[in-house]
Amino acid sequence: ICTEGDTHGRRPQHVFFVWGDTRNAFDPRSYNCDKHVLVSGFAYNAAFSKHKSDAEEIKARLRARGVTFAVALVDNSFGDFHITRNMAVRFYRAFLEWLIETEDAGLVIKPKKPRQLRGLSEIQELLGQAKQTGRCIELSHALGRLPSDASGCADLSVGMFISSAAIEAAIVGYRAVHCDLSRLYGHPFYRWGFQKVVFDEVDQLIDAINRLKRDRASEPDLGDHALVLDQLDSFRNDRAGRRIGEYMGWLLEAFDAGKG
């Protein structure tokens, strides 16, 4: 199907739905959909409401352990040319050490691929220590779960790389930042949100989190995507599923009429 250019992430979709302005997404051409990219809006808002009770239960568990500020880690697949294994180790080690050293901090971890997290032998001892505090919770059955399950439990979500999971959190009103250790400086977020929503050093990000934790008013812009929300989701009216369904209906009617 892919006959030229970079094959990373190539998929054979004929139609590709994006939430908003494609300048804030990965290049649609990487999905082999040069002509049929449709802006539908964010399609998973309902999931945030559906799992609110689960999030409240996790927040209550953390509060019972003395947590006053919680961070949700929503990681990404690693091992390719964007995110290396070493980057993933640096990311997790920094936050696990922060948790262990900060007695009123909490972590909620939602790995994209649990087997990759388990395969990071360099951080398993730290992860075990963090879990023993009772202030670090790794979501069970993480494969296939939406990042919203973690974002709803925390004061701030942190995504690895330029993270669609962090963008999901921002669209529905949560604070979220991107820890871009790959330093993808060409991404538009860097032009308006450097050290506000995107960081290229994990230590600088944790310093900003500590300032926010001490005084919420001290970092009003940290994790705030307000400047680009209209681009991230052009509609923000919970009707993306209806728009997608309407388009699919048009396709089926056309196919029934014998069109290609």
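Modeller: The accessible surface of the protein, by the Shrake-Rupley method with a 1.4 Å probe, is about 13600 Å², and carbon and sulfur atoms hold 48% of that. This is a predicted model, in which local features need pLDDT of at least 70 and side-chain atom pairs count only at pLDDT 80 or more, while totals for chains, interfaces and linings use all residues. Residues are numbered from 1 along each chain as its sequence is written, and side-chain values use heavy atoms, with hydrogens and water left out.

The protein has 11 helices and eight strands, taken as DSSP runs (H or I, at least four residues, for helices; E, at least two, for strands) and numbered from the N terminus. Six strands form an open sheet with parallel pairing, in the order E5-E4-E3-E6-E7-E8. Its edges are E5 (136-138) and E8 (198-199), each of which pairs on one side only; two strands pair if DSSP finds at least two bridges between them.

Within the sheet, E3 (residues 69-74) and E4 (residues 105-110) are joined in the parallel sense by six bridges. Ala 72 has Val 108 in E4 as its bridge partner.

Helix H3 (residues 85-101) lies across E3, E4, E5, E6 (156-160) and E7 (176-179), and runs at about 150° to E4. Helix H5 (residues 124-132) lies across E4 and E5, at about 115° to E5. Axes are lines fitted to C-alpha atoms, for helices over the stretch in contact, with angles from 0 to 180 degrees between N-to-C directions; contact means heavy atoms within 4.5 Å.
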